[in-house]
Amino acid sequence: RGGKSAERDVSLRSGAQVAKALHGAGHDVTEVDLDSQTWDVLRDGGFECVFNALHGRLGEDGTVQGMLELLGLAYTGSGVLASALCMDKSRAGRILSAIGLQVPEFEELEIKEGVAADVVERVVQRFGLPLVVKPVREGSTIGLTIAQDSDAVASGLVLAGRYDRRVLVQRFASGTEVTIGVLATPELQVLPTLEIVSENAVYDYDAKYTAGRSHHIIPARVPETARAAASDAAARAFTELGCSGMARVDVIVDSAGTPWVLEVNTVPGLTELSLLPDAARAAGISFEHLCQRLVDHAVGRRQRSVGPSAG
């Protein structure tokens, strides 16, 4: 947990919750903050499994997964390719669109130095207002702007560019904000739909991680046909991107009941205020049991990949 991404503080909170749950299940737990010594710590620690509670860059993008593959260690969650794909909102969006899921139209821009006025004018003309601006490879709505006018588009591009030179400009999808947890340990299980109601104008970092700033409603207050469609979209997104263990799929359900897929998070928040643990509890899965299932799956997957011993 921890690490160097913009989501470090959230990761520390997720890691503390996971460590507490695994201690409660009777495991010996070592909390490792990702740094330059981590390779040696993991190589020499005699660990049976690594529970990955790292959010954002390095932890959620396939990097730490690659390190764990090289070390031959079991680890929770998705593998290298699925992690890298889901972290890259642009490439994941293209794949999901190609399989027929509804993804709000978007364009990727490269921000090098400043933002030209003609670029702002062009994207506003293409997508209308409001429109969404966000870094391609960040989470927790870090660097995100919902721009209501051209000036906000320009400043939003600059803000997103501070976190990633690759920036996504996307048509704003209006409707009910719904998130759907998916487990595969290894059987696929789609958790109940969860509606997010934010006290802030946007369900931003503050709303996500400050008690009382957002509320979770399970099941989401959308028609049953829309709930079913959203759940199906989440399962298809999870499967087509090659996810494993757990993920959280963020969706907007519009007034016609159509689910618009926004992104897939392969290491969703696991704090006391996070979405996936709430949805799991609604499905009768305690947080301790959720963590145990993920560990069991990781160990089993590693054993299957190694295969029977020779001789």
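This is a predicted model: local features need pLDDT of at least 70, side-chain atom pairs count only at pLDDT 80 or more; totals for chains, interfaces and linings use all residues.
Student: Why is D88 called buried?

Tutor: Look at the value: D88 has a relative accessible area of 8%. Buried means under 20%, so D88 gets that label.

Student: And what makes R91 partly exposed?

Tutor: The relative accessible area of R91 is 44%. Exposed would need over 50% and buried would need under 20%, so R91 falls in between.

Student: How do you know that D88 and R91 form a salt bridge?

Tutor: Their side chains meet at 2.9 Å, N to O. The rule asks for an Arg or Lys side-chain nitrogen within 4 Å of a carboxyl oxygen of Asp or Glu, so this pair passes. In general, side chains of opposite charge can pair when their charged atoms come close.

Student: Are R122 and E107 buried or partly exposed?

Tutor: One of each! R122 has 36% relative accessibility, so it counts as partly exposed. E107 comes to 13%, so it is buried. Both also belong to a network of salt bridges, together with E105, R126 and R171.

Student: Why does the pair of E263 and K134 count as a salt bridge?

Tutor: The N to O value for E263 and K134 is 4.0 Å. The cut-off is within 4 Å, so the pair is listed as a salt bridge. E263 lies in strand β12 and K134 in strand β4, so the pair ties together parts 129 residues apart in sequence. Both residues are buried, too.

Student: How many salt bridges does the rule give?

Tutor: The count comes to 21.

Student: Now strands. How do you know that β3 and β6 pair?

Tutor: Count the bridges: five join β3 to β6. Pairing takes at least two, so these strands pair, and they run antiparallel. Our friend E107 stands opposite V169 in β6.

Student: What makes β4 a partner of β6?

Tutor: Again five bridges, in the antiparallel sense, and at least two are needed, so that is a pair. Here V132 has Q170 in β6 as its bridge partner.

Student: Why is β6 called mostly covered?

Tutor: Because five of its six residues are buried.

How values were computed
Residues are numbered from 1 along each chain as its sequence is written. Side-chain values use heavy atoms; hydrogens and water are left out. Buried means under 20% relative accessible area, exposed over 50%, partly exposed in between (1.4 Å probe, protein chains only). Helices (H or I, at least four residues) and strands (E, at least two) are DSSP runs, numbered from the N terminus.
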